[in-house]
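This briefing is meant to be read slowly, with the structure open beside the text.

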Amino acid sequence: MATTSVSKKRMVRINGCVASAQAAKYADVDVIAAYPIRPYTATMMALAQMVANGELDAEYIVADSEHSQLSIAHGAASAGARVFTGSSGVGVQFAYELYSPISGSRMPVQMMIADRTLDPPGDFGSEHTDALSTRDMGWIMGWSCDAQEAFDNHLIAYRIGEDPRVLLPQMVCQDGFFVSHITGDVELPDAGQVKEFLPPYKHPYPLDPRHPVSHGPQIMPEQGPPLQLERARAMEESMAVIEQAHEEFEKIFGRKYDPWLEEFMTDDAEVVFFLQGAHAVTARFAIKHMRDKGLKVGMVRLRTIRPYPTDRVNEVLSKFKVVGVIETNMGLGSVSSGGSLYAEVCAALYESQKRPLILSFMAGMGGEAIVLKEFYWMTQKMVDAQKRGKIEKRTHWVGFEE
Amino acid sequence: MATIEVQRQILPILGSPNQGARFYNPELPSSEPFVPGHRTCAGCGPSIQYRMTSKAAGDNTILVGPTGCMYVANSSYLCTPYNVPWAHTQIGSAGSFTAGVAAAYEAMIRKGKWKGEFPNIICEAGDGSASDIGLASISGALYRNHDCLIICYDNEQYANTGIQASSRTPYGGMTTFSPPGPLVPEGKKLFPKDLARMMAAGHPHCYVATASVGYPIDLMNKVRKGLNHKGAAYLMVYTPCQKGFVYETPRSIDLGRLVVECGLYPMWEWNPEKRAYDYSFRPASMRPVSEYLKLQGRFGHLHAEHIASLQKFANEQWRMLGVQLPEALIQAADAKNLVNMASAAQAEAVAQTI
Ligand SMILES: Cc1ncc(C[n+]2csc(CCOP(=O)(O)OP(=O)(O)O)c2C)c(N)n1
Ligand code: SF4
Ligand SMILES: [Mg+2]
């Protein structure tokens, strides 16, 4: 079998799925666990071809289910291998049992997610509910909004998760189709850059016959809290590592990301959108148009949702008069009867002296594009609220109201 | 970086006769990967099996333990009975977690990230894990032929959750999910899933065998054959559970023999090279099923007709092995020639002890 081959730095035009596969190749992963479900499948198709071509030396396992995919990933990471897996939609949920055991055993498994609406009905479009339903399981989690960012996020996530101060699994999410299947220019780095950025995976306590350890023994109830506390602390303490990794990334690759929030035209903004993922691309266009009309609108994009940057969200959103949360997820019967992002934004702002008004927009549901005129409509709702000094109602289903 | 060839262990087959030595055998390796320090019941068949199995494998071994008694009763945080690396996995992840470990070692050795001989990778799954909730994961691991050994320690029930019927629980077996009552006098109505044959038929490239704690050397040799086989292997081992079967604790090994002698646990090997079953194993004697049943409280409620049904089932197993049935066993399959086990009241008293 040929060994992993990575070429010199170059620009390519690829979609998000292929960008993810490329990132896994650059990370020289040892074990890949695949199971087909659209739209993330294309990542695994690309990796299968790389392995078949001898470009990547990895065990490529076609699992019998997503539950098995995640268990394979868990076993392989426990043995000391760098692991890559992924899924979409109901596939993410079929594996649900494994999310807590993997973070609890502190295995830095990496999972790529290209979002897909949950059933029913069978819908291929992107909605973030699949990954978000696992958000409290102890995985580092964030969304990218284009193929380049997807590529970069995979490398950054490995670096964070495998850091001995962290040792947590990572969900590297991208919107189905809007990122996964839309091509963009992606700079593939020089192998040397990746080598410098991402040290080889070395778990401190792998399953190695020369140093026997027992993983995951049964505990007594009183032994539970200290272990849970440690996992919670790992999540909290990862925040410094996340910041450090992004700084290091910029130094080596020259691309700068705020690890937590992207602010777009917020300097003098009074009303802002708060969202995750691909709709940020349309939002930027819409905001430019509205700026031409004199509206003081901007956007804040959440890049990392776990761990949640509570203080940053508080500090940044306190600057504005109105915040419109674009959900792209289902939180049936939740605080806002809309999505699940709203409640966390409210909680993060609770201690602020200058709380903005907060609206929840159910938009981009079922994988629908959020079109420019919907951004205009939502902006109008925010401006109206600002004028009135209070909100008309918490949640708007965009496209279902005048 | 050049790829490195994976070196694999070959373990010697013990020469001692199958049925002679019980516990002491000079050929046995001295290594003890599974030591005291666990909380299993006295006479626990699965843990006796665990010791034999891991002893046969030796120290260059990694054990995987899906949820079940061999996880819950064996491992306690800050105290472990495992002298080799061991990891818990989810009850439905027996085959998949094990496959991950095996794949990791293939890749790590090949890529020069780990140096040494490929370890024995053994999964110890209960029958609930193997025959029900983890069946697909095990089938996946066998199908893909990872170099590992998956053992089902078959105590014919979900023991750890308090004795519930699994698809391995025998016809007539009383469990808390298959209690006898006026409408269901036999308790469990279904015959067990023939999991071992299913594994052999569906994954003919694998070494597959049945074994019993009643025959330790045979069991250990089958473990070694499974480990020596390059690729996946599956072993189904009869391991009585005194808590669920309700018997006198010193009789675990006796039950391990009786179950074979009465034809309820046919012993065979599937030879993946010849693509054929090897039925040459013969117990020292053949007995009616009643001799096995009467030692266990879980069968205490059976009527003559139920015992006859079990004898019929056993006779079919003998025929499958190509054994000529003695007249006595044919007679024993007729309810007219049998008596009821016990009164319903006595059976209920036994049920209360579970
Ligand atoms: C997903 C899931 N469902 C149910 C359980 C509860 N459970 C714990 S142990 C056990 C019994 C397992 O039975 P078996 O595999 O036969 O092993 P045994 O207890 O008999 O040794 C079950 C059902 C669990 N741990 N996980
Ligand atoms: S309940 Fe049965 S299987 Fe579990 S430890 Fe006790 S004897 Fe062993
Ligand atoms: Mg069992």
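**Two domains of chain A**

Between domain 1 of chain A and domain 2 of chain A an area of about 2,100 Å² is buried, and carbon and sulfur atoms give 56% of that area. The model is a predicted one, and the domain assignment of chain A places domain 1 at residues 10–253 and domain 2 at residues 261–397.

- The centres of domain 1 of chain A and domain 2 of chain A, taken over C-alpha atoms, are separated by 28 Å, and the contact takes 27 residues from domain 1 of chain A and 27 residues from domain 2 of chain A.
- Of the area that domain 1 of chain A buries against domain 2 of chain A, 26% is supplied by Arg135(A), Cys145(A) and Phe178(A), which is more than any other three residues supply.
- The count of salt bridges between domain 1 of chain A and domain 2 of chain A is four, while the count of residue pairs in polar contact between these domains is 14.
- On the side of domain 1 of chain A that touches domain 2 of chain A, at least two residues each come from helix H6 (129–132), strand S6 (140–144), helix H7 (147–162) and helix H9 (224–253) of chain A.

**Chain A against chain B**

- In the contact between the chains, 41 residues of chain A meet 48 residues of chain B, and together the two chains bury about 3,300 Å², with 57% of it on carbon and sulfur atoms.
- The residues of chain A that lose the most area to chain B are Leu207(A), Pro209(A) and Gln218(A), which together make up 18% of what that side buries.
- Seven salt bridges are found across the interface of chain A and chain B, and a salt bridge joins the side chains of Asp28(A) and Lys113(B), at 3.9 Å from N to O.
- Strand S3 (59–62), helix H3 (66–79) and strand S9 (214–215) of chain A each give two or more residues to the side of chain A that touches chain B, and the largest share, nine residues, comes from H3(A).

- Asp127(B) belongs to helix H4 (residues 127–133) of chain B, whereas Gln157(B), 30 residues apart from it, sits in the loop between strand S4 (149–154) and helix H6 (195–202) of chain B.
- Asp127(B) counts as buried because its relative accessibility is 0%, and Gln157(B) counts as buried because its relative accessibility is 2%, the cut-off for buried being under 20%.

Definitions and conventions
Residues numbered from 1 in each chain as written. Chains lettered and ligands numbered in written order. Predicted model: local features only at pLDDT ≥ 70, side-chain atom pairs only at ≥ 80, totals over all residues. Heavy atoms only, no water. Helix = DSSP H or I, 4+ residues; strand = E, 2+ residues; numbered from the N terminus. Buried < 20%, exposed > 50% of the residue type's maximum accessible area, 1.4 Å probe, protein only. Domains from an automatic or database assignment. Contact = heavy atoms within 4.5 Å. Buried area = accessible area lost by both parts, 1.4 Å probe. Polar contact = N/O pair within 3.5 Å; in protein donor to acceptor, adjacent residues only side chain to side chain.
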